Amino acid sequence: MNKKCFVIALIVMMFILPINCHAEDIVNQNGVVMTEEEYNNFLKIHTEGYIMTMTQEKYEKLKSLDYNNVTRETKYLQSMYNPHLNLETNKEITEEEYNNDNLIMPILNSTAAYSEVTTRRVDLTVTGGSVWNYVTVNVDWKYIPGTRTFDVLGIRGYGLSFRNGSQEGEQIYKADGEWNTIYYHWDGDRINKFDNGFGFAMNLVNNTKVTILQLTAECDVKTTITHPSLYGSHQHSTSNISLEEAMNYTISGEGLGSVFVFPYNISQRYDGMTGPRIDY
């Protein structure tokens with residue numbers, strides 16, 4: 001190859017290679033197409049299950065956000081419950097402990113000694129938007145609980161205004177290799193809304209084939225004071241709770257996870273775990 005042909009070949013390769021080497025788009029279960037960069041940005045504020053089941057409308061909203069302006073706080077939580085001895089231990093653990101597969105697992109040597117261990121990660125995020133800020137609280141179970149009645153998931157704000165109609169929730173699970181979603185609407189019968197926040201009562205899907213279980217609540221907020229605060233709370237029911245009982249709460253900093261205030265006889269049947277907090 002002479003020098004002239006070699007230079008021409010190099011120029012051609014400069015134009016061809018960028019086209020052939022770009023990352024492939026990602027298509028979710030609903031046919032929504034996103035770039036790899038968008039997918040990685042979305043993971044900053046949502047779970048994989050949410051991204052792989054989101055609608056086109058949700059995609060359009062997510063891609064409009066400023067991912068250079070994301071604040072995130074995470075809590076790692078573990079519960080151990082012995083239903084026969086009626087003993088319960090709830091505690092916050094470190095990320096290192098959460099990622100350690102040698103965490104204490106259920107003891108199976110006898111009925112009296114059996115304990116159910118559940119572990120979950122709770123993320124609270126706030127992401128900058130053009131007018132409103134986008135807030136999410138996500139629950140990702142590492143060890144799915146055996147007790148599955150009505151959990152509550154919600155957000156409380158101090159110095160924040162909630163855009164009515166933006167409150168939405170989802171329970172996302174994977175069974176037989178397929179993602180499934182249960183939606184909770186802003187005007188449905190599973191939500192309580194207050195000036196300072198809201199919460200959803202979610203009846204955890206009781207399917208033995210579930211391998212992944214995730215919960216999400218989201219909304220839009222804007223500040224009304226100089227230094228506002230956000231609180232996210234997920235309260236897991238450790239014994240049977242009816243829908244009526246799960247909806248019997250108000251929202252206050254004195255409540256479970258600094259969010260949910262239940263009558264005493266109901267609050268005793270939730271694990272009372274702390275939740276993530278973000279101060280602007």
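Is Tyr 183 buried, partly exposed or exposed? In this predicted model, Tyr 183 is partly exposed, because its relative accessible area is 38%, a value that falls between the limits of 20% for buried and 50% for exposed residues.

**View 1. Tyr 183 and the residues around it in strand β10.** Tyr 183 is found in strand β10, which runs over residues 178-184. When its neighbours within four places in sequence are left aside, Tyr 183 is in contact with Thr 53, Thr 55, Gly 169 and Glu 170. For one of these contacts, Gly 169, the C-alpha atom is separated from that of Tyr 183 by 6.0 Å, although the two residues are 14 residues apart along the chain.

**View 2. The protein as a whole, as a setting for the close-ups.** The protein has seven helices and 17 strands, and buried residues make up 47% of its 280 residues. Among contacts between residues at least 6 apart in sequence, 70% join residues at least 24 apart. The accessible surface comes to about 14300 Å², and carbon and sulfur atoms account for 50% of this surface.

**View 3. An open sheet of five strands.** The strands follow the order β11-β12-β7-β14-β17, and their pairing is antiparallel. Strands β11 and β17 (277-279) stand at the edges and have a single partner strand each, so one side of each is left without a neighbour in the sheet. From one strand to the next, the twist averages 10 degrees. As background for this view, strands of a sheet pair through backbone hydrogen bonds, either parallel or antiparallel.

**View 4. The hairpin of strands β11 and β12.** Strand β11 covers residues 191-194 and strand β12 covers residues 197-203, and the two pair in the antiparallel sense over four bridges. Two residues lie between these strands in the hairpin. Ile 191 stands opposite Phe 200 in β12, while the bridge partner of Phe 194 in β12 is Gly 197.

**View 5. Asn 192 in strand β11.** Asn 192 has a relative accessible area of 16% and is therefore buried, since the limit for a buried residue is under 20%. A polar atom of the Asn 192 side chain lies 2.7 Å from the backbone oxygen of Met 247. Not counting residues up to four places away in sequence, Asn 192 touches Gly 197, Phe 198, Gly 199, Met 247 and Tyr 249.

**View 6. Ser 229 in strand β14.** Strand β14 spans residues 229-235 and includes Ser 229, a residue that is buried because its relative accessible area is 6%. The side chains of Ser 229 and Asp 279 are joined by a polar contact of 2.5 Å. Beyond residues up to four places away in sequence, Ser 229 touches several others, among them Arg 156, Gly 157, Tyr 158 and Leu 160, as well as Arg 277, Ile 278 and Asp 279.

**View 7. The salt bridge between Asp 123 and Arg 72.** Side chains of opposite charge can pair when their charged atoms come close. In the bridge between Asp 123 and Arg 72, the closest N and O atoms are 3.1 Å apart. This pair links distant parts of the chain, with Asp 123 in strand β5 (residues 116-128) and Arg 72 in strand β3 (residues 66-82), 51 residues apart. Asp 123 counts as buried because its relative accessibility is 3%, whereas Arg 72, at 38%, counts as partly exposed.

**View 8. The salt bridge between Asp 271 and Arg 120.** The side chains of Asp 271 and Arg 120 meet with an N to O distance of 2.9 Å. The two residues are 151 residues apart, with Asp 271 in the loop between α7 (264-267) and β17, and Arg 120 in strand β5. Asp 271 is buried, with a relative accessible area of 5%, and Arg 120 also counts as buried, at 0% relative accessibility.

**View 9. The salt bridge between Asp 220 and Arg 163.** The closest N and O atoms of Asp 220 and Arg 163 are 2.6 Å apart. Asp 220 belongs to strand β13 (residues 210-223) and Arg 163 to the loop between β8 (160-162) and β9 (168-175), so that the pair links parts of the chain 57 residues apart. Asp 220 is buried, at a relative accessible area of 6%, while Arg 163 counts as partly exposed, at 30%.

Methods:
Residues are numbered from 1 along each chain as its sequence is written. This is a predicted model: local features need pLDDT of at least 70, side-chain atom pairs count only at pLDDT 80 or more; totals for chains, interfaces and linings use all residues. Side-chain values use heavy atoms; hydrogens and water are left out. Buried means under 20% relative accessible area, exposed over 50%, partly exposed in between (1.4 Å probe, protein chains only). Contact means heavy atoms within 4.5 Å. Two strands pair if DSSP finds at least two bridges between them. Axes are lines fitted to C-alpha atoms, for helices over the stretch in contact, and angles run from 0 to 180 degrees between N-to-C directions. A polar contact is a pair of N or O atoms within 3.5 Å; within protein, one must be able to donate a hydrogen and the other to accept it, and residues adjacent in sequence count only if both atoms are side-chain atoms. Accessible areas come from the Shrake-Rupley method with a 1.4 Å probe; for residues, only the protein chains shown count as cover. A salt bridge is a side-chain nitrogen of Lys or Arg within 4 Å of a carboxyl oxygen of Asp or Glu.
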